[in-house]
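Here are some notes for a first look at this structure. Please keep the sequence and the 3D view open while reading.

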Amino acid sequence: MIVGIDLGTTNSAVAVWRNGVAELIPNALGDVLTPSAISVADDGSVLIGSAARERQSTEPTRTATAFKRYMGTERRMMLGAIHANAEDLSALVLRSLKADAEAFLGDTVTGAVITVPAYFNDRQRKATQRAGDLAGLQVKRLLNEPTAAALAFGLQTREAREPFLVFDLGGGTFDVSVVEMFDGIVEVRASAGDNRLGGEDFNASLAAMMRSRIDPDGRFARHDARLVEERLLVAAERARRLLTSQDTALFAVTIGDERFEGIVSTEEFEAQVAPLLARLRDPVVRALRDGGLRAEALSEIVLVGGATRMPAVRRAITKMFGRFPSHAVHPDHAVALGAAMQAGLLQRDAALEEIRLSDVCPFTLGINVAERDAQGRFHSGLYSPVIERNTPIPASRENRYSTMADNQREIVMDVFQGEARLVADNVKIGTVSVPVPPRPAGGVEVKVRFSYDTSGLLEVDVSVPLTGVTRNLVIVDEIDSPDAATIAARRESLAALKVHPRDQAENALLLERAARCYEDHIGDARIQIGQWVTAFEAALDDQRPRAISEARQQLSAELDQLDGERIL
Ligand code: ADP
Ligand code: MG
């Protein structure tokens, strides 16, 4: 069985294509969204999803969220005694989704289509692929998130459509795609994006503004810096969501017995995040220009991603396009559903027979070169594009280059992704070198072929016609291309982690939520929560199902009330 997985910065989801439809799969809690959060409990067991997310504020040193932002980097995060990078943590999320799918389908899940931000670079894509591998999933295809959403949107009606634009603003990334649909072909004409723009940035901006407001005397300095930071971010997330339905929101942080609070209004928030809103424009303009379209030619603006729920973002979009966006797809579900459709396409499902998908490479790929100017001066570090952005994929292009120096013995080529004229301003993704026979400058030619596949993975082949020598891309850092044995060892060590049991998921979540609520309040509310938790824990110890269920319902209802309490 192959499933489709939306591995998000904030939330992940898994879906399956069966009986001619894409269907979301619920997790052990019955939710179709699983927070991309991991936490390690005191006994060393690993919590994944909602229970882990509750611990972001109560156990910040044992919890990781938004780790997708570090995908493809060497950054390691510490969760209690466990050190892990974004790839390992993502593998844990994937494994949990795999277990949910297997429980739901009653079948083994062997492979997956995993979505990635269109603007994810080669390193980030390869890291995502390895995360799947570590989770015991064969990654059948990496699919661009806005393309997945476009599939879900396009296949909803299956009508020929004027071009539409997918606007996907999630927790950590922003993607825009211009898509057309005709004769069963879903064709992405252009994609653009910003890898570092999402709800998390709005949180950080709001937290920075509120920090001095709620703590004018610098009392935060007396507490652990990481704890303060996490609490501020969690408070920002809450206040920001409240601002989606209210004009003002309470921004409150409790640390120990100290309470810090302040009020933030919609206007203040919007003014504060204006620089972030301004950054939404560039990728839109670029996608339209590359797609050869003007905004008026678009039939619809399709919103995807939870952060498009922010009224400030909606206003910015409405202003940008001079009209209201469409809500034809569910912003949280479309990507996973599209991934499931792609899984159906790969399995050649009959219901999808006449559908074809054509995507593009969203960024330019090329190498560094040197040039001599008219005066014979040498300029190095220049970018020579091989595959231009928004070329339909799969794509294969060849360029020819020749030696620059007399008796040069080797040609070293750095491979870059990006649009800047100077390679220093682009992202380096690898290096390849090839020996050449000594000749006068310009005397040896090399052919450089870039092949970019449908998952957005790049292969580079270099050959020297004079000698017949060929070389493949060699990635610079060892860490980037671990061998099979290393991967197997990492897979085993992940498998050895004790994951909190699925059938206990609901109780675990409730206890974590109660712990968070306890810390959020002071005084009587806190004493009250303490008593409820004690009662619930006593029921759990007695292991009487009926008593557990009653205590759970009671605790849960009471926490709902505390969480939902309107303070304004
Ligand atoms: P990702 O795909 O990156 O995991 P999602 O599409 O799930 O992200 O979107 C997550 C983002 O959406 C978070 O930053 C979250 O704060 C934001 N979000 C979700 N619901 C709301 C809401 N009601 N109001 C404001 N922001 C929201
Ligand atoms: Mg998303």
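**Notes on a predicted model**

1. Start with a facing pair in a sheet. Val448 stands opposite Val462, a residue of strand β26. Keep in mind that the model is predicted. The strands here are β25, residues 445–452, and β26, residues 458–464. They pair in the antiparallel sense, over six bridges.

2. Now widen the view. Strands of a sheet pair through backbone hydrogen bonds, in either a parallel or an antiparallel way. In this case four strands make up an open sheet, and their pairing is antiparallel. The order is β22-β25-β26-β27. From one strand to the next, the twist averages 20 degrees.

3. Which strands stand at the edges of this sheet? They are β22 (395–402) and β27 (469–472). Each has a single partner strand, so one side of each is left without a neighbour in the sheet.

4. Next, look at two helices. Packed helices are described by the angle between their axes and by the distance between those axes. Helix α5 covers residues 199–214, and helix α6 covers residues 225–245. Their axes come within 8 Å and cross at roughly 110 degrees. The range for roughly perpendicular is 65 to 115 degrees, so α5 and α6 count as roughly perpendicular to each other.

5. Which residues make this contact? On the α5 side they include Phe202, Leu206, Ala207 and Ile214. Gly199, Asn203, Ala204 and Arg211 of α5 also take part. They meet Val228, Glu229, Leu232, Leu233, Ala236, Glu237, Ala239 and Arg240 in α6. By class, the contact has ten nonpolar, two polar and four charged residues.

6. Follow the chain onward to a loop. Asp247 lies between α6 and β15 (248–255). Is Asp247 buried or exposed? Its relative accessibility is 61%. Exposed means over 50%, so Asp247 counts as exposed.

7. Leaving out residues up to four places away in sequence, Asp247 touches Val264, Ser265 and Thr266. Ser265 is 18 residues from Asp247 along the chain, yet their C-alpha atoms are separated by 5.8 Å.

8. Finally, check the cysteines. A disulfide is a covalent bond between the sulfur atoms of two cysteines. How many disulfides does the structure hold? The count is zero. Cys361 has a relative accessible area of 0%. Cys517 has a relative accessible area of 0%. Buried means under 20%, so Cys361 is buried, and Cys517 is buried.

Technical notes. Residues are numbered from 1 along each chain as its sequence is written. Chains are lettered from A and ligands numbered from 1 in the order in which they are written. This is a predicted model: local features need pLDDT of at least 70, side-chain atom pairs count only at pLDDT 80 or more; totals for chains, interfaces and linings use all residues. Side-chain values use heavy atoms; hydrogens and water are left out. Two strands pair if DSSP finds at least two bridges between them. Helices (H or I, at least four residues) and strands (E, at least two) are DSSP runs, numbered from the N terminus. Axes are lines fitted to C-alpha atoms, for helices over the stretch in contact, and angles run from 0 to 180 degrees between N-to-C directions. A disulfide is a pair of cysteine sulfur atoms within 2.5 Å. Buried means under 20% relative accessible area, exposed over 50%, partly exposed in between (1.4 Å probe, protein chains only). Angles under 35 degrees count as roughly parallel, over 145 as roughly antiparallel, 65 to 115 as roughly perpendicular and the rest as oblique. Contact means heavy atoms within 4.5 Å. Ala, Val, Leu, Ile, Met, Phe, Trp, Tyr, Cys and Pro count as nonpolar, Asp, Glu, Lys and Arg as charged, and the others, Gly among them, as polar.
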